[in-house]
Every structure is written in structure tokens, then in C-alpha cells.
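Please open the model in your viewer and display the side chains. The stops below proceed by selection.

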Amino acid sequence: TCAINIIDDINVYFPFIKCMEAKDTMPDKAAEKCANAMKIDLAPIMSCANSDKGNLLEHEMALKTEALRPNQTYVPWITINGVHTEKMQDMAQKDLLSLICDTYK
Ligand SMILES: *[C@@H]1O[C@H](CO)[C@@H](O)[C@H](O)[C@H]1NC(C)=O
């Protein structure tokens, strides 16, 4: 949540998060390796992560997760225009481009 908040550019923070999730290490180590590889300044992100602000940002995400209907039961939990169905989930995993084209508003 701190990477999202501080980097604020999905083209940068999404690959950073993806990189972290692919590492088979503790989050702090993964963040360090990915930040180095991607030339991201990790200090402000870590400082956020270890602060009340980081806790608040994480809590906001928890509230969004808890508000999902139907309840989230696995990840990734795909929602399109705020809606989740098994059909959309299936299609997102098989043919995301078609799903986006069919549902884009
Ligand atoms: C969904 O989650 C809410 C809040 O966490 C809970 O109160 C509710 O019982 C859950 N519904 C189902 C169908 O599990």
C-alpha cells in the first residue's frame, strides 16, 4: 500500500509489487531486491511501511476487501465495474482483452 501511495504510477508500482510477490523471501528483502533491480527509491516506502500512515493505508485496503460482495474467497479476486462473478473471473483468466472490450464503459 505504501508503494502504491508513494510511487503513484501504476506502470511502476504494479511491476514492483509483481516482482515482490515473485520473490521467495520475506517482504523486506523482496522490496530491497526489487527496488534495486527497478531503480526505485525504497527509503520513503519503508519509512511509510513502518509508520502509522502505512498502517492506515493497509487498513483502508482491508476495508475495501471486507466490503466486497460476494465476499472474497481467493486471489486474485477480479472485479469489473465493481462487480465480481465466476463467469467474469473465468474470462479474465482466459481472455482478459476480450473481457475488457466487452465490459468497457
Ligand atoms: C461476508 O462477509 C461479511 C463481513 O465480513 C460477513 O458478515 C458475512 O457473513 C459474509 N457472508 C458470507 C456469505 O459468508
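## Surface stops on a predicted model

Select Leu96, which is partly exposed, with a relative accessible area of 46%; buried denotes under 20%, exposed over 50%, and partly exposed the range in between (1.4 Å probe, protein chains only). This is a predicted model, in which local features need pLDDT of at least 70, side-chain atom pairs count only at pLDDT 80 or more, and totals for chains, interfaces and linings use all residues. Residues are numbered from 1 along each chain as its sequence is written, and side-chain values use heavy atoms, with hydrogens and water left out.

Leu96 belongs to helix H7 (residues 96-103); helices are DSSP runs of H or I with at least four residues, numbered from the N terminus.

Next, turn to the two salt bridges of the structure, each defined by a Lys or Arg side-chain nitrogen within 4 Å of an Asp or Glu carboxyl oxygen.

- Select Lys29 and Glu32, whose closest N and O atoms are 3.7 Å apart. These residues are three apart in helix H3 (residues 27-38), about one helical turn. Lys29 is partly exposed at 44%, and Glu32 is partly exposed at 40%.
- Select Asp90 and Lys94, which form a salt bridge at 3.5 Å, N to O. Both lie in helix H6 (residues 86-94), four residues apart. Asp90 is partly exposed at 40%, whereas Lys94 is exposed at 70%.

Definitions and conventions
Helix = DSSP H or I, 4+ residues; strand = E, 2+ residues; numbered from the N terminus.
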